[in-house]
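Biologist: Could we go through this one together? I'd like to start with the aromatic residues and then move on.

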Amino acid sequence: MYSYTFRHVQSTKPAAIYDGANNIVGYISRVYPTLFHRIFDYWQEGLVSSIYQVKDKDGKIVFQAKEQFRLLRRTFTIKYRTASDVHELQIKEDTKLHSMKKTSFSLHNDVYVILKKIGDWAVIQRNGKEVARWKHTVKIPPSKVNIELTDPEAEQHLLLWIGLFHTFFHNP
């Protein structure tokens, strides 16, 4: 089980991600390209400029998600860096239902689905099998978040899963 505590949706202070032994495995934060973006986003209550970064414990950026201009559905462009490659993903909200959020993407020739129903854990599934799950334990800031890997192979992409969950479900 992994966890982190995230402040207000517009906070830029990095949140440390801890493993079950209370060791830091990485950091997640919201970033703004300019002060103008930050002021405008503050005025719009976090609905405009969404860029999230996940860094490893040494401070190296592993994951970066940027929301595209929101017209009807949320769409994010994601860069995910591994030791040997940089992957670019695009996730687009498949449904606007308030009772369920869903999207899908491909990575390493596998199809992944991110799904969350109200009151339940958000899950990432690979080819129909659960890989990881994520849940807010406190709904008001600061938010306590728990991440559980349900597939032993998921460990190698831990910071990707955290970045995807946080981007898709913490973002207003």
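Biologist: Is Tyr-112 buried or exposed?

Modeller: This is a predicted model, and in it Tyr-112 counts as buried, because its relative accessibility is 3% and the cut-off for buried is under 20%.

Biologist: How is its ring placed against Trp-161?

Modeller: The ring centres of Tyr-112 and Trp-161 are 5.3 Å apart with the planes at 45 degrees, so the pair is tilted. Tyr-112 belongs to strand S9 (residues 110–117) and Trp-161 to helix H2, so this pair ties together parts that are 49 residues apart in sequence.

Biologist: Which residues form the aromatic cluster, then?

Modeller: Phe-105, Tyr-112 and Trp-161 make up one aromatic cluster. Phe-105 is buried, with a relative accessible area of 5%, and Trp-161 is buried as well, with a value of 0%.

Biologist: How many aromatic pairs are there?

Modeller: The count comes to four. Among them is the pair of Phe-105 and Tyr-112, whose ring centres lie 5.1 Å apart with planes at 10 degrees, so that pair is stacked.

Biologist: Changing topic, what does the side chain of Thr-167 reach?

Modeller: Thr-167, which lies in helix H2 (residues 158–170), reaches the backbone oxygen of Gly-163 with its side chain, at 2.7 Å. Leaving aside residues up to four places away in sequence, Thr-167 touches Tyr-52, Phe-63, Ala-65, Arg-74 and Phe-76, and Thr-167 is buried at 0% relative accessible area.

Biologist: And which residue lies over the face of Trp-121?

Modeller: That is Arg-133, at 4.3 Å from the ring centre of Trp-121.

Methods
Residues numbered from 1 in each chain as written. Predicted model: local features only at pLDDT ≥ 70, side-chain atom pairs only at ≥ 80, totals over all residues. Heavy atoms only, no water. Helix = DSSP H or I, 4+ residues; strand = E, 2+ residues; numbered from the N terminus. Buried < 20%, exposed > 50% of the residue type's maximum accessible area, 1.4 Å probe, protein only. Polar contact = N/O pair within 3.5 Å; in protein donor to acceptor, adjacent residues only side chain to side chain. Contact = heavy atoms within 4.5 Å. Phe/Tyr/Trp six-rings, centres within 6.5 Å; stacked < 30°, edge-to-face > 60°. Lys NZ or Arg CZ within 6 Å of the ring centre and 35° of its normal.
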